[in-house]
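Good morning, and thank you for coming. Please keep the display in view as I speak.

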Amino acid sequence: MKNTSRIKYRSAAALFGLMILGVTAFKPSQEKSGKRSLSDTMLFDEIVKQDSLFFNAYNQCDLETQAKMIADNVEFYHDQGGLSTSKKEILEMTKKNICGKVTRELVSGTVEVYPIKDYGAVEIGQHRFHNNQEPEGTPSHASKFIVMWQQVGSEWQMTRVISLH
């Protein structure tokens, strides 16, 4: 009988130990739990605002606003289309292939923003592109993106963009 009690005690102790280990192993880090300094929160809000301004212009075919928000020395890396370094060409291709045909939607809760000292910020997230020429409700898969934002005075410009599908 003594051995049975000892086995039950050891089993319970082992189970308790595994539960504690599990809780600490899967505890989110400060970064992932959403704790940020005030300056990080302000930067996050600003970059999300800039993203919204740019992609509202993108969805509305407002090429003038897009042109202001794209740096002259832009580098746009597209996993399927390759590298584009001409701001003029990017805007022309947007007018030809995107305007009235494609709408971009940011996937809620996926955006991460990190400061880049003496430069600006990097934004990482997921978005969906909807082909407006397909029937409404056609599925669109989320894809990843990375944007380098440079702050010049009070203005923000996209300098590097990576689009992965």
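This is a predicted model: local features need pLDDT of at least 70, side-chain atom pairs count only at pLDDT 80 or more; totals for chains, interfaces and linings use all residues.

Let me begin with charge. Side chains of opposite charge can pair when their charged atoms come close. How many salt bridges does a search of the whole structure find? The search finds five, and I shall discuss some of them.

One of them joins lysine 68 to glutamate 64, with 3.7 Å between the closest N and O atoms. Both residues belong to helix α3, which covers residues 63-69. They are four residues apart, or about one turn of the helix.

Another salt bridge brings together the side chains of aspartate 72 and lysine 87, at 3.2 Å from N to O. Aspartate 72 is in strand β1, residues 70-78, while lysine 87 is in helix α4, residues 87-97, so this pair ties together parts that are 15 residues apart in sequence. Aspartate 72 is exposed, with 65% relative accessibility. Lysine 87 is buried, because its relative accessible area is 16% and buried means under 20%.

A further salt bridge is formed by the side chains of arginine 160 and glutamate 75, at 3.3 Å from N to O. This pair links distant parts of the chain: arginine 160 sits in strand β7, residues 155-164, and glutamate 75 sits in strand β1, 85 residues apart. Arginine 160 is partly exposed, at 25% relative accessible area. Glutamate 75 is also partly exposed, at 23% relative accessibility.

I turn now to a residue in a loop. Valine 111 lies between β3 (102-106) and β4 (112-116). Its relative accessibility is 14%, and valine 111 therefore counts as buried. Which residues is valine 111 in contact with, leaving aside its neighbours within four places in sequence? They are Phe44, Val48, Leu106, Glu123, Ile124 and Gly125.

Next, the empty space. Rolling a probe the size of a water molecule over the atoms shows where empty space is left. The largest pocket has a volume of about 720 Å³. Its lining consists of 28 residues, and those nearest the centre are Tyr58, Phe76, His78, Thr94 and Ile98. Several elements give two or more residues to this lining, including α2 (38-60), β1 and β7. Which element provides the largest share? That element is α4, with five residues. By class, the lining has 16 nonpolar, eleven polar and one charged residues.

Finally, let us consider how the strands pair. Strands β5 and β6 run antiparallel and are joined by eight bridges. As an example, alanine 121 has tryptophan 149 in β6 as its bridge partner. Strands β6 and β7 also run antiparallel, and nine bridges join them. Here valine 152 stands opposite glutamate 155 in β7. The hairpin of β6 and β7 has two residues between the strands, and glycine 153 takes a positive phi near 65° there.

Thank you for your attention.

Key. Residues are numbered from 1 along each chain as its sequence is written. Side-chain values use heavy atoms; hydrogens and water are left out. A salt bridge is a side-chain nitrogen of Lys or Arg within 4 Å of a carboxyl oxygen of Asp or Glu. Buried means under 20% relative accessible area, exposed over 50%, partly exposed in between (1.4 Å probe, protein chains only). Contact means heavy atoms within 4.5 Å. On a 1 Å grid over the protein atoms alone, a cavity is a set of points where a 1.4 Å probe fits but cannot get out, and a pocket is an open set with protein on both sides within 12 Å along at least five of seven lines; lining residues have an atom within 4 Å of a point. Grid points are joined across faces, edges and corners, and a volume is the space filled by probe spheres set on the points. Ala, Val, Leu, Ile, Met, Phe, Trp, Tyr, Cys and Pro count as nonpolar, Asp, Glu, Lys and Arg as charged, and the others, Gly among them, as polar. Two strands pair if DSSP finds at least two bridges between them.
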